[in-house]
Amino acid sequence: MSHLEQLPPVVALLIAGFVALGTILTLLGTIGLVRLPSFYERLHAPTLGTSWGAAGILIGSMLMFSTLGSRLVIHEVFLGLLIMLTTPVTMMVLGRAALHRDRAEGRTPPGTEGPEQPLK
Amino acid sequence: MSATILSAVLTVSQICLVAALVLAVMRALRGPRAQDRVLGLDTMYVCAMLLLVVTGMQHGTIYQFEGALVMGVLGFVATTAMAKFLMRGEVIE
Amino acid sequence: MTLLPHPIVTVVLTILWMVLTGFTLGQLVLGLLAGILGGFAYRRITPRRIVVKRPGAMARLFVRVAGDIVRSNYDVARLILSEGRHHRRKAGFVRIPLDMTNPSGLAVLAVIVTATPGTAWIEYEPRNGQLLLHVFDLIEGDDWVHTIKSRYESLLMEIFE
């Protein structure tokens, strides 16, 4: 573990903190995914992992590799942008698909009644 | 000292991320409906991507980045295609 | 017919190309080529150019959203941990009438709402401007309409309209 010993102690502890935070949030998100009772509630759980869960781990990685000086930090920015932009699209399409399926089966969830129109 | 702590944190983080991955797979296997399975698969992709990043940090290599990027793009395309299929019954109209 | 229909797309694609391959002059030329082609491809999808009127408001919105995401992360994590033990959480749908019609503004609002844990964008009806949200914890007051409209929609309308 030679590259870990090259880090200054303060930076190493900071990285450890960020990675621990990100991991705990991601794990909590998947625990919620398993435990929550309905689909629409489960839709919220993975966003824990994709917002600050991913951000914590990526910030840790960014700190580590820019301190070691082996490369620029811009890699993680792209990965973070990718996650930030694709997750909402996935979740929106999934939510709409679920609502559409529920309506098609005549089990409209309470609170979503309204003009019955085909989704675009 | 701090290097030992960081190394331990990275190892524990890898274990936790594998646990998260297993939980996501559990949801994908259990269902009960198709949209739950797709959501589980999407979460699995994100966990695998983060696991790659943490593994790269532990080994001090930069080669995980391309892998993580490809995994993110593949996960996005796969999940969106499956969700589209659930909504319409076909992927390309 | 300009060479750069979407300069931001071109710049981002060029930088991504160089990050993935290497920072040399040859890769810069190849990356620029890919970026310009990407800009043309993007114009085929979105004919209208996206105009940001107030960059300052954009920065303010970014800070506000970052703070909200931190807070709602904490809230949702706490609720998942205390699931089924203390108080009864009540999840449900909320209908929000939106005044904004700008497609770019609506897209940014969708990203904000979905990226924040605790709220999920389900459906938007363009004919009457009604948005259907799913909220994870409805207990804390029923002013979701006011929250979305005053915190995000007003700023977004300032930026894009």
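Chain A has 5 helices and 0 strands, where helices (H or I, at least four residues) and strands (E, at least two) are DSSP runs numbered from the N terminus. The model is predicted, and local features need pLDDT of at least 70, side-chain atom pairs count only at pLDDT 80 or more, and totals for chains, interfaces and linings use all residues. Residues are numbered from 1 along each chain as its sequence is written, while chains are lettered from A and ligands numbered from 1 in the order in which they are written.

From the N terminus on, the order of elements in chain A is α-α-α-α-α. Of its 120 residues, 50% count as buried; a residue is buried if 20 or more other C-beta atoms lie within 10 Å of its own, exposed if 12 or fewer, and partly exposed in between, with C-beta atoms placed from the backbone. Among the contacts in chain A with a separation of 6 or more, 60% are made by residues 24 or more positions apart. Two residues are in contact if their C-beta atoms, placed from the backbone, lie within 7 Å.

For chain A, UniProt (unreviewed entry) lists residues 12–34, 46–65 and 77–99 under "transmembrane region". UniProt positions are given in the numbering used here, feature names are shortened, and annotations may be inferred rather than shown by experiment. Residues 46–65 of chain A are 100% helix and 0% strand, with end C-alpha atoms 27 Å apart. The span 77–99 of chain A is also 100% helix and 0% strand, and its end C-alpha atoms lie 34 Å apart.

The contact between chain A and chain B takes 48 residues from chain A and 44 residues from chain B. On the chain A side, helix 1 (2–5), helix 2 (9–35), helix 3 (39–42), helix 4 (46–68) and helix 5 (74–104) each supply at least two residues. By class, this side has 30 nonpolar, 13 polar and 5 charged residues. Ala, Val, Leu, Ile, Met, Phe, Trp, Tyr, Cys and Pro count as nonpolar, Asp, Glu, Lys and Arg as charged, and the others, Gly among them, as polar.

Between chain A and chain C, the contact takes 28 residues from chain A and 25 residues from chain C. Helix 5 of chain A gives the largest share of the chain A side, 11 residues. That side comprises 16 nonpolar, 9 polar and 3 charged residues.

In chain C, the domain assignment, automatic or from a database, gives domain 1 (7–45) and domain 2 (55–160). Their centres, taken over C-alpha atoms, are separated by 34 Å.
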